[in-house]
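Dear colleague,

Please find below the structure that I am handing over to you. My notes on it follow directly after it.

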Amino acid sequence: MKITTKISLLAIGLYASLVFAGGTHKGDHDSDHSEVSSSVGTPADAKKASRVIKVTTKDTMRYEFSDKLDFKAGEIVTFEVTNKGKIAHEFSVGDSAEQKEHQAMMKKMPNMSHQDGNTVTVKPGETKKLTWKFAANGKVVFACNIPGHFEAGMYANAEVAGSADRQQIVDIIAAIKYGWENGDGAPFRKNFLDFEGARYIESGGQNAGLDSLVTHHVEPEKDALEYLKLDFSNIEVNFEGGSDPSFAWAIADTRVKGKVKNSDRKFDKSGYQTFLFRKLGEQWKLVHSHSSSRDYKPKKQGH
């Protein structure tokens, strides 16, 4: 049986992306920090920073950092950015989608200079500071979005660790893995958001409601399969809603292996899975899941 649970529910609107700049976008730009919103955090008071990370920008289109890029949710850090090159560079904080939006804006206005809560433009020989409070989002991108710079490699990725929200979502994914492998419907009933009109779609078919999914698919696995092994790896969790997120999605690499009792048929498939979550009070609930897989083929070794 192909483990491809897909849960469809009411359309969920994604929130607006990061506002990288306000004002007229002409010449130097100094916006009100309160206008900046991001899934990865907010501008903060430098006096409250717990540490300072020195950042060097170079014309090799690379950043150099004085400290490791490991952060905790709620941590406040000041970035002291010095340009040791001969051309201007940017230092911008955001998630992947926000940086792409910023890049598109910069292509339209390549000479725009920033002094925003999340972005600074640093001329040759200059040093500027940016202080940031990190939110629960697990993935942060630091980037120079001057046309051509990001494409040449001027960016760095970081992880926000210790996020209670992120950990709760990772734990839910682990519980779902356990449920499928053991034919146990309890993790589904606990962590899925059931509602009137919900449909749970699997490989072209569908179940009307969570109870149908559990009783017709999850629980029968323990009798139909001799064994089932499901792995989620490279889990990426993203949040919407700034420092107090209410919507999240996760993407994971998947591999599922098993053996059917009646036919002794073995299967081994790999692919990807996405999960959508809503936060109700202090609890995250899974509201949509979609998986896609094909027969597993080991990657060819390069020469």
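In which sense do β8 and β10 pair, and over how many bridges? Strands β8 and β10 pair in the antiparallel sense, over 4 bridges. Here two strands pair if DSSP finds at least two bridges between them, and helices (H or I, at least four residues) and strands (E, at least two) are DSSP runs, numbered from the N terminus.

Before the other findings, please note that this is a predicted model, in which local features need pLDDT of at least 70, side-chain atom pairs count only at pLDDT 80 or more, and totals for chains, interfaces and linings use all residues. Residues are numbered from 1 along each chain as its sequence is written, and side-chain values use heavy atoms, with hydrogens and water left out.

Strands

Buried means under 20% relative accessible area, exposed means over 50%, and partly exposed lies in between (1.4 Å probe, protein chains only).

Strands β4 (residues 51–58) and β5 (residues 62–65) also run antiparallel and are joined by 4 bridges. Lys58 has Arg62 in β5 as its bridge partner. The two strands β4 and β5 form a hairpin with 3 residues between them, and Met61 in the turn has a positive phi of about 65°.

Aromatic residues

A search of the whole structure gives 18 aromatic pairs. Rings of Phe, Tyr and Trp (its six-membered ring) pair if their centres lie within 6.5 Å; planes under 30 degrees apart count as stacked, over 60 as edge-to-face and the rest as tilted. In one of these pairs, the ring centres of Phe79 and Phe91 are 5.3 Å apart and the planes meet at 45°, so the pair is tilted. Because Phe79 lies in strand β7 (residues 76–83) and Phe91 in strand β8 (residues 89–94), the pair ties together parts that are 12 residues apart in sequence. Phe79 counts as buried, at 0% relative accessibility, and Phe91 is buried with a relative accessible area of 0%. Both belong to one aromatic cluster, formed by Tyr63, Phe65, Phe71, Phe79, Phe91, Phe134 and Phe142.

The largest pocket

The largest pocket holds about 420 Å³ of space. On a 1 Å grid over the protein atoms alone, a pocket is an open set of points where a 1.4 Å probe fits, with protein on both sides within 12 Å along at least five of seven lines; lining residues have an atom within 4 Å of a point. Of the 17 lining residues, Thr254, Ser270, Gly271, Tyr272 and Tyr296 are the closest to the centre of the pocket. The elements that give two or more residues to this lining are β16 (225–240), β17 (247–260), β18 (266–280) and β19 (283–295), and β19 gives the most, with 4 residues. Arg255 lies over the face of Tyr296, 3.4 Å from the ring centre (the criterion is CZ of Arg, or NZ of Lys, within 6 Å of the ring centre and within 35 degrees of the ring normal).

Backbone points

Asn234 is not a glycine, yet its phi is positive, at about 50°. Asn234 is found in strand β16 and counts as exposed, at 61% relative accessibility. Asp264, in the loop between β17 and β18, likewise has a positive phi, near 60°. Asp264 is partly exposed, with a relative accessible area of 49%.

With kind regards

Key: Points joined across faces, edges and corners; volume = space filled by probe spheres on them.
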